[in-house]
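User: I've got a two-chain model open and I'd like to talk it through. Could you take my questions one by one?

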Amino acid sequence: MVVVQRRELTFWERMYLPEIVRGLVITFKKMFEPRVTRQYPEQAMPTTEVTRGQPRLAVKDDGNIACVSCGLCEAACPAYAITIDGQETDRFIEREPERFDIDMLRCILCGFCEEACPKEAIFMSNELELANTTREGLVYDMEQLKRSTSTLQPRIDYVRKINDRW
Amino acid sequence: MTFLILLIKASLIYGGLLVTAAVMTLAERKISARIQLRIGPNRVGPGGVLQPLADGVKFILKEEITPDGANKGIFRLAPIMAAVPAMLTVAVIPFAGETVIFGLDFGLLSLTDLDIGLLFVLALSGLSVYGVILGGWASNSKYSLLGGLRASAQMVSYELSLIMTALTVVALSGSMDLREIVEVQNTGNPLAWNCFTPVIGQVGLILFVIATFAETNRHPFDFAECEPELVGGFHTEYSSMKFALFFLGEYCAMTVMACLTTVLFLGGYSVPFWEDAPWMVELATFMAKTSFFLFLFIWVRWTLPRFRYDQLMNLGWKVFLPIALANLLLAGAFISLT
Ligand code: SF4
Ligand code: SF4
């Protein structure tokens, strides 16, 4: 059994009022301290390449995405957020997705798709905002998922650096 | 003509009271934000100054819900009972002396000067307890009932200390007329203010301020709402404009109590070192003094934690009442000596 020894209050403290005044002085001083609020939509949280935002498809310089619709990301996704239908293409890679949907409401931003992808096609962007008035509107199709490689470049470099360790 | 002047005065004073209450809701949020290093509402209008308006619109547009099993009539009556007494009391508060606006003689700036102004204020503010307890009872909810019961027990016990302390002032100035009380203190010398009467004044001021906190159900004595235990206390079941009325009543009561403290202890509208100041200066002085007490209401709320209920009762009956009585006795001795 633990007996907690409470400190005996001094007479001054038991008078209560002086202590209240002390508390009031503290709160009064607080009023003139710098404020810590971040005004969110105007002052967004800074992001870095480590930020794991929503997955996006990187568009290469030739205007295509690197995805070969192998389905690895689809299989790796623990939330079943990705749906891919493949089709043939005349390009050298022979296969490309006909449909590439990610249900952003299902996605848990785990980054497994990025890890699973053998073609460096899908990356976690720094986009974090997600709002719509319908659920359907938050199922992003291929066009909505495409981002230029340059915007994803810091993340791409970061992922390569990590992969180099293996 | 007299009737017209009375009408203008009434609309000015009541407009002023309601505006003060609205400003107080904003000030409450702004100051609490500052104390907690936040910014507070700042989206509606420049710096958030139109927030009370937005709140008002929202209150009006909200759905009004009357719970099943509530006593409909009393449920409707309670918010009115809570708000009206608080608003009525402002009628006897003297805001300034002889007032002339645009050549129009308004007489003394207060709605009416009753011989028993102080009694009127105390009696009416005692009535506001009905709003709280009826609201709690009529809601047919255990939390509301508990909140209402607590509030009424608390208001009744603190009213005693409040009245005793007010009596001290009555003894010192020899009148129950609030304007008389101010005029006695208005000598151009701030040391004539009741709060500077040795010992009696200071003890009285502190007791009175604390009692007003309990009387208006403000922190640290807000057992009527006490969110962690009672959800929202007596107004748990209230929504929309009915809830707003309770709120308005609370802020009006605060404003009136701040005015009353100013009148009783800080010389009301008397300007330091300027006995016959023009009415504008007097009004400004009165407002400045009252603002301090209004600020104190908010400041204390965001500093102190809530009392425990038994502590509150202990404090009220075993500490405040004896001190208030002793103070009254002391005041009697003081008067007979001088
Ligand atoms: S981040 Fe995770 S949950 Fe989201 S799509 Fe990729 S694998 Fe699925
Ligand atoms: S793992 Fe990469 S290449 Fe395979 S389907 Fe997903 S995005 Fe396309």
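User: How do the elements of chain A run from the N terminus on?

Analyst: A bit of housekeeping: this is a predicted model, where local features need pLDDT of at least 70, side-chain atom pairs count only at pLDDT 80 or more, and totals for chains, interfaces and linings use all residues. Residues are numbered from 1 along each chain as its sequence is written, chains are lettered from A and ligands numbered from 1 in the order in which they are written, and side-chain values use heavy atoms, with hydrogens and water left out. Helices (H or I, at least four residues) and strands (E, at least two) are DSSP runs, numbered from the N terminus. Chain A has six helices and six strands, and the order is α-α-β-α-β-β-α-β-β-α-β-α.

User: What radius of gyration does chain A have?

Analyst: The radius is taken over C-alpha atoms, and the globule rule is 2.2 Å times the number of residues to the power 0.38. For 166 residues, a compact globule would come out near 15 Å. The C-alpha trace of chain A spans about 90 × 45 × 35 Å along its principal axes. Its radius of gyration is 26 Å.

User: And what about chain B, what is its radius of gyration?

Analyst: Chain B has eleven helices and two strands, and its C-alpha atoms fill a box of roughly 60 × 50 × 45 Å along the principal axes. A compact globule of 338 residues would be near 20 Å, so chain B agrees with the rule. The value for chain B is 20 Å.

User: How much of chain B is buried?

Analyst: Buried means under 20% relative accessible area, exposed over 50%, and partly exposed in between, with a 1.4 Å probe and protein chains only. In chain A, 33% of the 166 residues count as buried. For the 338 residues of chain B, the share is 53%.

User: Is Ser69(A) buried or exposed?

Analyst: Ser69(A) is in the loop between strand E1 (55-59) and helix H3 (72-76) of chain A. Its phi is near 50 degrees, a positive value in a residue other than glycine. Most residues other than glycine have a negative phi. With a relative accessibility of 6%, Ser69(A) counts as buried.

User: Is Glu94(A) buried or exposed?

Analyst: Glu94(A) is in the loop between strand E2 (82-88) and strand E3 (95-103) of chain A. It also isn't a glycine, yet has a positive phi of about 70 degrees. Because its relative accessibility is 55%, Glu94(A) counts as exposed.

User: How far apart are the centres of the positive and negative side chains of chain A?

Analyst: Lys and Arg count as positive and Asp and Glu as negative, while His and the chain ends are not counted. Each charge is placed at NZ of Lys, CZ of Arg, CG of Asp or CD of Glu. Chain A has 23 positive and 27 negative side chains, and the centres of the two sets are separated by 11 Å.
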